[in-house]
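Q: I have a model open and want to learn to read its features. Can you take me through them?

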Amino acid sequence: MQAELIEIRNHLAQHSPFDDMAEDTLDQVVSQIEVAYYRAGSTITELGDLSTHLYYIRSGAVEIYRRSGELYNRLSEGDIFGQFGLMMNKTVRFPTKALEDSLLYLIPAAVFQQLWETDESFADYVEIEDRTRLRTAVSRREKGNELMTARVTRLISRPPVTAPTTIRLQEAARIMTEEGVSSLVLMDESGDKPTMAGIITDRDLRTRALTEALPSETPIRDIMSTGLITIHSRAFIFEAMLLMLHNNVHHLPVLDRDEPRGVISLADVIKYETQSSLFLVGNIFHQQTVKGLKAISKDVRHSFVRMVNEDANSHMIGSAMAGIGRSFTQRLLELGEEKFGPPPVPYCFMALGSMARDEQLVVTDQDNAMILDDRFEPELHDGYFLSLARFVCDGLAACGYRYCTGDIMATNEKWRQPLRVWKDCFSDWIDNPKAEALLNSNIFFDLDGIHGDTQMAEELKALIAGKASQSQRFLAYLARNALNRTPPLGFFRTFVMEEDGKQNNTINLKRRGTAPISDLIRIHALACGSRAQNSFERLQAIGETRLLPEGSVENLRDALEFIAIVRIRHQALAIEDGREPDNNVRPEDLSPFERNHLKDAFQVVSNAQKFLRYRYQAPVGRSLG
Amino acid sequence: MAHRKRSATDATDAPWPARLAHCAAQARDPRLKAYFEAGCPAPDTPIHEVPLVALDFETTGLDPDRHAIVSIGLVPFTLSRIQCRDARHWVVRPQRPLNQDSVTIHGITHSDIDEAPDLEEILADLLAALAGRVAVVHYRAIERPFLDVALRWRLHEGITFPVIDTMAIEAHLHPKRRPNWLQRLSGERSVSIRLADSRTRYHLPHYAPHHALTDALATAELLQAQIQHHFNAETPLRDLWL
């Protein structure tokens with residue numbers, strides 16, 4: 001007669017994930033169980049022990065600890081633990097102790113592995129728990145990192161020092177000195193109610209007033225910064241940090257219902273968190289030479305690894321790295337303008353691709369271009385802009401931003417054009433789409449003005465947003481191109497490896513993962529007329545329309561985040577090991593947990609590509625394999 | 001906490017390994033001989049190193065000379081782990097009639113028993129599962145004597161083996177289980193050393209009683225709990241077995 005452990009079986013059958021398990025599977029599990037009694041206070045598993053079992057609490061209570069010794073969770077009858085160690089790296093990740101006298105049923109690793117691989121709902125259960133844990137881990141990390149939980153108001157030490165826009169330069173300088181502030185908020189008092197019109201900072205006084213030897217009688221409204229970047233008083237400090245990084249502003253007025261509550265400066269944030277990426281950015285702007293910039297560029301990777309270790313998400317890491325890249329570019333342009341003199345006509349320096357999308361990582365090419373004022377005359381002015389472009393691009397290369405292999409750089413005269421030429425160029429790409437041409441110009445549809453007259457870049461964004469959504473042919477060609485790079489998933493959810501020379505048997509997480517996702521997100525974003533550049537922000541804009549089926553936006557966001565973060569961790573690991581980071585991941589280096597989720601993420605990409613093909617009806621006669 | 005007791009039936013001065021060796025020499029039935037030859041650990045072996053087997057019989061009554069075994073459950077274990085993989089459960093056909101009272105206790109009916117084998121058919125498996133391990137029972141007046149009588153009946157030679165009795169351990173821990181009339185007046189209750197009640201003292205879960213395998217499992221868990229609370233992993237076997 002088959003030994004029937006009724007008590008064990010009946011108890012398991014009442015608790016997840018065993019409650020909807022097939023009868024014979026459950027019998028199989030029960031027959032392999034080991035039972036152990038732990039007296040209250042005794043240690044069940046210790047950190048670093050080999051993970052040998054999944055633990056099921058039959059009676060009693062168990063406490064789970066963090067590495068730090070801090071209590072993480074308390075479990076009781078019917079709960080399971082130990083699955084993370086089994087799924088991740090085979091050692092105990094969370095030490096456990098019996099809080100009460102406890103009777104535990106232990107399921108051996110081999111049985112767990114088999115269930116995990118063959119029983120869908122069991123896998124879902126143990127993995128969903130794991131996601132919750134990851135989320136807990138992130139929020140714990142975020143709690144530990146005050147930048148992510150403290151609000152900007154924390155940095156405000158006093159109400160803003162304000163003055164009417166009608167005052168003169170000297171008066172402004174006097175107020176700032178007397179008040180001991182580095183910025184002055186200027187109020188337009190001509191209406192019923194004073195409104196914030198601009199800001200002047202000590203840096204502005206130095207760079208605009210002193211260097212140009214402006215008379216002390218100069219009206220402040222002529223030199224103040226307008227079109228202010230501001231932040232809401234409920235925003236978190238890290239949001240202020242990202243805003244400063246993105247816009248290269250060192251002062252942010254904090255508003256509460258349009259009322260200035262105070263001004264926070266780069267220095268305030270750095271004081272708050274000396275290790276932040278802003279510290280590096282602050283340092284970038286203090287460098288006086290390309291050599292100096294090159295010297296501090298090695299800190300970029302430290303900053304990156306640090307953010308990864310703090311469990312920052314890919315959006316934050318991408319934004320911070322792009323902010324740092326942008327700062328190097330901006331500082332180089334400032335140094336270039338010092339070296340070659342002020343520009344003969346206004347210009348705008350554009351970042352393209354990942355930097356424009358705020359999705360830059362540590363292994364990156366430089367992609368940039370220049371928009372010149374329409375008064376630009378090549379024979380008179382191009383000498384200056386070519387020199388400036390060379391200075392910046394060489395400088396970026398010295399700082400670790402490799403030259404673009406496709407020569408999409410401001411040094412290429414093709415990409416150094418007056419605004420009207422750029423407009424014609426974009427109009428032509430959109431109105432008369434050709435697949436080949438678009439393949440190479442994809443990168444121009446992620447653009448951002450980062451220095452000079454950035455309004456010119458905004459004009460291009462507006463033109464693109466207005467035209468693209470109207471041209472089905474254009475979208476169809478983009479869609480066709482986007483389908484060229486498919487996720488590396490074969491039949492039966494197996495990975496398809498790359499067979500390109502030395503990097504055999506790897507998956508390129510950029511070419512086969514994040515790039516196809518950002519491609520298809522870009523197309524939907526263009527179709528809905530969004531001017532956002534960042535993929536997550538584009539997804540948000542797409543989500544506000546009915547362009548995609550319900551749930552697709554969330555799925556794409558999760559897939560992008562997961563693939564991006566695996567790619568980021570892979571690079572951080574390489575840096576920590578002293579290897580050169582790349583995008584090629586060997587599946588055997590991933591945990592079963594990561595492999596499984598990566599497959600899910602690739603499946604999302606694959607489905608999204610199918611929808612893309614259907615939605616934009618790629619205008620081609622041949623099949624699109 | 002040293003704890004040493006010998007009941008009259010087991011009284012002999014020779015330690016268990018020597019006694020089993022002696023039995024091995026005397027045994028004629030090859031299954032029995034093999035069982036004895038497997039022997040048992042030395043008396044000073046720390047309990048955590050001892051291979052154990054929890055054993056429980058359901059019987060038609062309490063007197064081995066008048067009643068019979070109806071089912072046998074056993075679970076091999078050690079102080080740290082109970083291995084369900086090797087748990088066994090047999091229903092056997094008693095050579096004496098079932099009485100209705102015992103049916104209501106263990107739930108094994110005439111029809112179950114009609115299809116069941118005689119104890120002798122499973123004897124090789126049973127003895128193999130017990131060999132080399134120290135049996136753990138709750139109330140030693142059942143399993144050892146019932147098996148001894150059953151084997152004498154069939155093989156004309158008996159069996160003996162060391163047991164650890166979880167009930168005897170509880171009895172030892174609670175020497176004054178029955179309060180006197182004064183204590184009863186002041187509300188003291190008697191301490192039950194029955195399996196289910198003993199388990200409760202160690203916060204072990206309630207298991208439905210009178211299924212031989214469940215009771216064996218319950219007994220194994222109880223011994224793990226008893227050792228952790230009142231002894232320790234290094235306690236020598238000699239302090240525990242009877």
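Q: Which strand does strand 13 of chain A join through 6 bridges?
A: Start from the general idea. Strands of a sheet pair through backbone hydrogen bonds, either parallel or antiparallel. In this predicted model, strand 13 (residues 251-256) of chain A is joined to strand 14 of chain A by 6 bridges, and the two run antiparallel. One bridge to look for: Asp256(A) has Glu259(A) of strand 14 as its partner.

Q: In what order do the strands of that open sheet lie?
A: The order is 12-13-14 in chain A, with mixed pairing. Strand 12 (231-232) and strand 14 (259-265) of chain A each have a single partner strand, so they stand at the edges, with one side of each left without a neighbour in the sheet.

Q: What joins strand 10 of chain A to strand 11 of chain A?
A: A hairpin, through 6 residues. Strand 10 (residues 183-188) and strand 11 of chain A pair in the antiparallel sense over 6 bridges. Within that pairing, Asp188(A) is bridged to Thr195(A) of strand 11.

Q: Is strand 11 of chain A mostly covered or uncovered?
A: Mostly covered. Of the 7 residues in strand 11 (residues 195-201), 5 are buried.

Q: Which residues have the most contacts inside the largest nonpolar core?
A: The general idea is this. In soluble globular proteins, nonpolar side chains tend to be buried together. Here the largest nonpolar core has 129 residues, and those with the most contacts inside it are Met350(A), Met370(A), Ile371(A), Leu475(A) and Ile523(A). Domain 2 (155-257) and domain 3 (469-616) of chain A each give this core at least three residues. Apart from it lies another core of 96 residues, including Leu52(B), Ala54(B), Val75(B) and Ala216(B).

Q: What is Met350(A) in contact with, leaving aside its neighbours within four places in sequence?
A: Among its contacts are Asn368(A), Met370(A), Ile371(A), Leu447(A), Ile450(A) and Ala457(A).

Q: How is chain B built from helices and strands?
A: Chain B has 10 helices and 6 strands. Of its 242 residues, 40% count as buried. Take the contacts in chain B with a separation of 6 or more: residues 24 or more positions apart account for 67% of them.

Q: Which strand of chain B is joined to strand 1 of chain A?
A: Strand 3 (residues 82-83) of chain B. The two run antiparallel and are joined by 2 bridges. Glu34(A) has Gln83(B) as its bridge partner.

Q: Which peptide bond is cis, with omega about 0°?
A: Begin with the background. Most residues other than glycine have a negative phi, and most peptide bonds are trans. Here a cis peptide bond joins Ser16(A) and Pro17(A). Pro17(A) sits in the loop between helix 1 and helix 2 of chain A.

Q: Where is Tyr139(B), and where is His203(B)?
A: Both have a positive phi without being glycine: about 90° for Tyr139(B), near 60° for His203(B). Tyr139(B) is in the loop between strand 5 (134-137) and helix 6 (143-155) of chain B. His203(B) is in the loop between helix 9 (195-201) and helix 10 (212-230) of chain B.

Q: How many other C-beta atoms lie within 10 Å of Tyr139(B)?
A: There are 18, and Tyr139(B) is partly exposed. His203(B) is also partly exposed, with 17.

Terms used: Residues numbered from 1 in each chain as written. Chains lettered and ligands numbered in written order. Predicted model: local features only at pLDDT ≥ 70, side-chain atom pairs only at ≥ 80, totals over all residues. Helix = DSSP H or I, 4+ residues; strand = E, 2+ residues; numbered from the N terminus. Buried ≥ 20, exposed ≤ 12 C-beta atoms within 10 Å, placed from the backbone. Contact = placed C-beta atoms within 7 Å. Core = buried A, V, L, I, M, F, W, Y, C linked by C-beta atoms within 7 Å. Domains from an automatic or database assignment. Pairing = 2+ DSSP bridges.
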